[in-house]
Amino acid sequence: MAQQAAGTRADGRLRRARMATLLSLATGIWASLLLPLVGITRESDPTRATLGAVGVAVFAASQAAVLYAAVTPWLADRWRRLSQVSLAVVAVLSIPLVGPVAAGGWPTWAWLGASLIGMAPLVVRLPGALVVATVTLVAAVGVAAWTGGSVWRFLVVAGGVGTGVAAVNWLQVWFWDLLVEARAGQAAQARLAAAEERLRFARDVHDVLGHSLTVIALKAELAARLAPVDAERAGREAAEVQRLAAAALGEVRETVHGYRAVDLGDQLAAVAGVLRSCGVRCTVLPPPAELPAAAASDLAAVLREAGTNVLRHSRAGWCRIEIVREGDLARMTVTNDGAGDHGPDGHSNGLRGLTDRLGAAGGRLRVRRAEDVFTLEATVPVAP
């Protein structure tokens with residue numbers, strides 16, 4: 001949960017969606033302030049008007065804290081509970097402070113009751129929300145009877161308006177929770193894909209080395225036992241151990257080379273598939289003709305690093321991958337709109353290693369930023 005909350009906080013698009021949700025929910029706060037203020041302006045007693053204004057202001061502040069907590073998944077639970085308890089206490093205190101304001105002329109406290117009912121789905125589940133609504137309506141009837149107001153007017157404002165606000169608030173927060181869960185699922189899918197690839201590589205290396213290392217260990221143990229009694233045979237066993245070790249080393253190199261010499265077309269399809277599964281709109285323009293193995297291997301390494309950076313260091317919404325061949329040069333350009341989320345720069349370890357690799361092959365790696373757009377460009381020589 002903590003990891004999911006941290007990812008939500010770092011995601012630029014989720015931050016913007018959260019801000020829009022907060023602004024939308026804030027309209028309920030304005031209703032809590034403005035409509036009770038109508039009653040305060042109609043109150044002829046300065047003391048009642050002052051106490052009512054204090055009650056409304058404190059209620060609005062407590063309401064804002066609860067709404068903020070409803071769309072802030074990284075907020076500590078203790079602060080969330082504190083905001084809810086504070087609202088409950090303030091709601092009770094608002095009855096003697098706001099209830100008598102404009103008694104009989106304006107249902108001042110009923111608007112606070114509507115706000116309470118409207119926020120109930122954000123604080124508790126449906127059974128609890130029904131309890132909150134029932135208690136609030138009973139309180140509205142009690143305030144109306146105490147102040148000489150219209151019971152039906154209090155019920156219509158608190159119950160009718162409150163139910164409408166509750167439906168709107170619940171729908172907004174439901175969409176927000178759905179968005180958070182979807183983004184968390186995309187991140188989990190990317191982590192799972194990386195874990196499966198690591199597992200596949202580990203399994204292949206184990207298959208290659210397992211048998212060879214077992215035989216080497218047995219041969220080495222046999223040579224150690226024979227050394228005191230049959231030096232000639234022990235020497236032959238030691239030579240066999242050396243041969244097996246060299247063969248195992250060759251097999252490992254072949255396996256690693258097989259991973260590095262990935263077909264560039266397959267690599268393009270794999271990177272694009274992972275990006276799309278994580279919600280990034282990906283456009284791929286492959287080279288018009290096949291590239292030599294050396295150039296394809298270098299570009300594939302750059303492509304893997306670029307794809308990793310898009311997923312790990314940014315929250316890009318789109319990505320464009322283009323490979324063109326210009327005479328004796330092949331150029332790959334990877335562009336995305338994640339530069340505003342503090343993506344990698346040209347000094348990151350992965351890009352620095354690729355710069356060295358391309359430089360040794362006569363190529364070049366460049367990165368540049370333009371507002372929110374991050375561009376990585378790699379050029380490698382191509383044999384004529």
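The protein chain exposes about 20,700 Å² (Shrake-Rupley method, 1.4 Å probe), and carbon and sulfur atoms supply 63% of that area. This is a predicted model, where local features need pLDDT of at least 70, side-chain atom pairs count only at pLDDT 80 or more, and totals for chains, interfaces and linings use all residues. Residues are numbered from 1 along each chain as its sequence is written, and side-chain values use heavy atoms, leaving out hydrogens and water.

**Overall make-up**
- You'll find 11 helices and 5 strands in the protein chain; these are DSSP runs numbered from the N terminus (helices H or I, at least four residues; strands E, at least two).
- Of its 384 residues, 38% count as buried, meaning under 20% relative accessible area with a 1.4 Å probe and protein chains only.

- The 5 strands of an open sheet run in the order 1-2-3-5-4, with mixed pairing (a pair needs at least two DSSP bridges).
- Strand 1 (281-285) and strand 4 (364-370) sit at the edges with a single partner strand each, so one side of each has no neighbour in the sheet.
- Strand 4 pairs with strand 5 (residues 373-381) in the antiparallel sense over 7 bridges, and here Val367 stands opposite Leu376 in strand 5.

- Trp174 belongs to helix 7 (residues 151-226) and is partly exposed at 38% relative accessible area, the class between buried and exposed (over 50%).
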